[in-house]
Amino acid sequence: MRVGVHINRFDDSGGGSALGTELAAAGEAAEAAGVGWLSVMDHYFQMEFNGGAQEPMLEAYTTLGFLAARTSTVRLGVLVTGVTYRRPGLLAKIATTLDVLSGGRATLGIGAAWYDREHLGLGVPFPPLAERFERLEETLRICLQMWDPQNNGPFEGRHYRLAETLCVPAPVSRPHPEIMIGGGGEKKTLRLVARYADACNLIPASPEELRHKLDVLRGHCEAEERDYDTIRRTFVYTGEHATAGDLDAFLRDMEGYAGLGIDTVVLAPRLGAASGWIERFAAPAVERLAGLG
């Protein structure tokens, strides 16, 4: 089991002018520690559990572009992109740019979006949930078409119409950047994982819940005639032991997830300066978790 780090706070004590230095240090620390995944949230307002909208929040893909220039091995992604925030053709171009400039290290993490406050606050349309899922599936189809060098023609969907799906330069990743769908909805989200995704990301409350979600995903894969084992399976650890720095307690929690076929456990410390935490906690966790599967 590998370790990923999800940077979700930007309240560095030095203020906005210090954020670039801290993010660069976090990227360097992640690579030195052997962390395999580095992500940020796709939000314009900070989450309530991190202090709310008055706290700092950086735009996701600009931040990943910055990290791409200061790292060389770690995979980079948004956990996860809200489908409503960017038109799908532009999103494919943005993800491609990140992939090209990072040397093939981009993951397109994507989901149906949920945070109505920032949509309303910044004037972004927030359609009903059923429509957001329709838009999510069309966006996945558009991205895959834009990444197909043999198909640069139009796309005609219910919600999106593109006269051209040209994407030059093409992604470095082959056959295309990894697609990761986030969320555990059993009827729609996990079906879309089975149909379109290279990876999934779940946020379970327990090993038992994660086992159940993976069983549901396996069923969708059978219905789609998809090889379940071709999907990289990841989850976000929601316990407090990682942020608190209690490595032994964290490892005891992880024992319950062993044997579920998890590729990466993503740690999301609620800390404004992640670099020091990565050195203190993530680095030894990488070594200790390597033997779990």
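User: How many salt bridges does the structure hold?

Analyst: The model is a predicted one. Side chains of opposite charge can pair when their charged atoms come close. Counted with a cut-off of 4 Å between a side-chain nitrogen of Lys or Arg and a carboxyl oxygen of Asp or Glu, the salt bridges in the structure number 16.

User: Which residue forms a salt bridge with glutamate 59?

Analyst: Glutamate 59 sits in the loop between β2 and α2, and its partner lies in the loop between β4 (81-82) and α3 (88-101), 27 residues apart, so that distant parts of the chain are linked. The closest N and O atoms of the pair are 2.7 Å apart. The partner of glutamate 59 is arginine 86.

User: In the salt bridge of aspartate 229 and arginine 233, what is the N to O distance?

Analyst: Aspartate 229 is exposed, with 56% relative accessibility, whereas arginine 233 is buried at 8%. Their side chains meet in a salt bridge, with an N to O distance of 3.9 Å.

User: Which helices does the salt bridge between aspartate 248 and arginine 288 tie together?

Analyst: The closest N and O atoms of aspartate 248 and arginine 288 are 3.7 Å apart. Both residues are partly exposed, aspartate 248 at 46% and arginine 288 at 45%. Aspartate 248 belongs to residues 247-255 and arginine 288 to residues 274-289, so the pair joins parts 40 residues apart in sequence, namely helices α9 and α10.

User: Which residues are linked with Arg2 in a network of salt bridges?

Analyst: Salt bridges can also be linked into a network, and Arg2 takes part in one. The residues linked with Arg2 in this network are Glu178, Arg232 and Asp263.

User: Why does asparagine 50 count as buried?

Analyst: Asparagine 50 lies in the loop between β2 (37-40) and α2 (60-68). Burial requires a relative accessible area under 20%. Asparagine 50 therefore counts as buried, its relative accessibility being 3%.

User: Which residues is asparagine 50 in contact with, leaving aside its neighbours within four places in sequence?

Analyst: The loop that holds asparagine 50 runs between β2 and α2. With neighbours within four places in sequence set aside, the contacts of asparagine 50 are Asn8, Arg9, Met41, Glu55 and Arg270.

Definitions and conventions. Residues are numbered from 1 along each chain as its sequence is written. This is a predicted model: local features need pLDDT of at least 70, side-chain atom pairs count only at pLDDT 80 or more; totals for chains, interfaces and linings use all residues. Side-chain values use heavy atoms; hydrogens and water are left out. Helices (H or I, at least four residues) and strands (E, at least two) are DSSP runs, numbered from the N terminus. Buried means under 20% relative accessible area, exposed over 50%, partly exposed in between (1.4 Å probe, protein chains only). Contact means heavy atoms within 4.5 Å.
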